[in-house]
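Please keep the structure in view while reading.

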Amino acid sequence: MGKRDPKAPFVPHRDAYKAPIMECVNLGIDFGGLTAVNDFCITIGPTEICGLIGPNGAGKTTIFNLLTKVYQPTRGSVYLQGIDTKDMNSVKANKAGLARTFQNIRLFKNMTVAENVLVGLHNSISYGLGEAILRFPSYWREERIARSRALELLEIFDMQDIGDQKAGSLPYGAQRRLEIVRALATAPKVLLLDEPAAGMNPAETEELMENIQKINKVFKIAILLIEHDMKLVMGICEGIGVLNYGRLIAKGTPAEIQRNPLVVEAYLGKGQSDSESGGEDSA
């Protein structure tokens, strides 16, 4: 089998004849004289579980910041359902269907579990400030609907019995799970998970894998994740992109990525990869 063009789209078979949910075209950003990301291209199917991996400092989180409009790109475009996001800020991008979690958990730790999810439901609430201040019937009606939806989301992840607990009192793995539930409350079309397994023990990581697959099945949305845990990435991702020094150097299935010499070199260095593969330099 020949090498897959890193710029060529990869989507699972079930999404092959559907319009992509997201496309990045020649995306790049410079900070002063430093190019952090350059010529990044990726196409994501409507229900694809896609991974983005690479060594530390490769530019993975910078790409997440570009996709969610924390940063505006120096060049290139991001399309969501065929719509160019160039005029969007982070709030508009979230309302358009992009939600994310972070490497470092960002919960409202003094609020309850249910209240954190309610914050995520802001996109579905339509009452105005005046209605909220004056407590019009429309306010109470929408609040009841939102609280019911929050409990439904918590129940999907077996968290309905801890809705009244403070978020900061939860175990680490449960806090990670709550952050994902809050992101799902915004009704995303693409869920971006930034190192969701960071700091987790093996049991928590196994539970995370099951939950990501559950999200894909129940919500039928695309998931793009950054992760260093290769067992998790290779176990659940259908397509994987590999970033190195701000450039996409490989793209393909888990099997293709595992045997790609450019990927091995990016992680181990040229001398190591040649030795592993029995190259001439190993003599």
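Six strands form an open sheet in the order β6-β7-β8-β3-β9-β10, and the pairing is mixed. Its edge strands, each pairing on one side only, are β6 and β10 (247-252). From one strand to the next, the twist averages 20°. Strands here are DSSP runs of E with at least two residues, helices are runs of H or I with at least four, and both are numbered from the N terminus. Two strands pair if DSSP finds at least two bridges between them. Strands of a sheet pair through backbone hydrogen bonds, either parallel or antiparallel.

This is a predicted model, in which local features need pLDDT of at least 70 and side-chain atom pairs count only at pLDDT 80 or more, while totals for chains, interfaces and linings use all residues. Residues are numbered from 1 along each chain as its sequence is written, and side-chain values use heavy atoms, with hydrogens and water left out.

Strand β9 (residues 239-244) runs antiparallel to β10, joined by five bridges. Asn244 stands opposite Arg247 in β10. Helix α6 packs on the sheet and touches β6 and β7. The direction of α6 makes about 155° with that of β7. Helix α1 lies across β3 (49-53), β6, β7 (190-194), β8 (222-226) and β9. It runs at about 145° to β8. Contact means heavy atoms within 4.5 Å. Axes are lines fitted to C-alpha atoms, for helices over the stretch in contact, and angles run from 0 to 180 degrees between N-to-C directions.

**The four-strand sheet**

A second open sheet has the order β2-β1-β4-β5, with antiparallel pairing. β2 (34-44) and β5 (83-84) are the edge strands, each pairing on one side only.

| Strand pair | Bridges | A facing pair |
|---|---|---|
| β1 and β2 | seven | Glu23 and Thr43 |
| β1 and β4 | five | Cys24 and Val78 |
| β4 and β5 | two | Leu80 and Ile83 |

Strands β1 and β2 form a hairpin with two residues between the strands. In that hairpin, Gly32 takes a positive phi near 65°.

**The largest pocket**

Rolling a probe the size of a water molecule over the atoms shows where empty space is left. The search uses a 1 Å grid over the protein atoms alone. A pocket is an open set of points with protein on both sides within 12 Å along at least five of seven lines. A cavity is a set of points where a 1.4 Å probe fits but cannot get out. Lining residues have an atom within 4 Å of a point. Grid points are joined across faces, edges and corners, and a volume is the space filled by probe spheres set on the points.

The largest pocket has a volume of about 470 Å³. Its lining holds 20 residues, and the closest to the centre are Asn94, Arg100, Phe102, His122 and Thr186. Which element gives the most to this lining? It is α2, with four residues. At least two residues each come from α2 (90-96), β6 (98-100), α3 (113-120) and α6 (172-184).

By class, the pocket lining has nine nonpolar, seven polar and four charged residues. Nonpolar means Ala, Val, Leu, Ile, Met, Phe, Trp, Tyr, Cys and Pro; charged means Asp, Glu, Lys and Arg; the others, Gly among them, count as polar. Domain 1 (1-97 + 188-283) and domain 2 (108-181) each supply at least three of the lining residues. The domain bounds come from an automatic or database domain assignment.

**The largest cavity**

How many cavities of 30 Å³ or more does the structure hold? There are two. The largest cavity has about 80 Å³ of space. α6 and α7 (202-219) are the elements that give two or more residues to its lining. α7 gives the most, with five residues. Among the lining residues are Phe157, Arg176, Arg177, Met200, Glu204 and Glu207. The lining divides into five nonpolar, two polar and four charged residues. Domain 1 and domain 2 both contribute to the lining, so the largest cavity lies between them.
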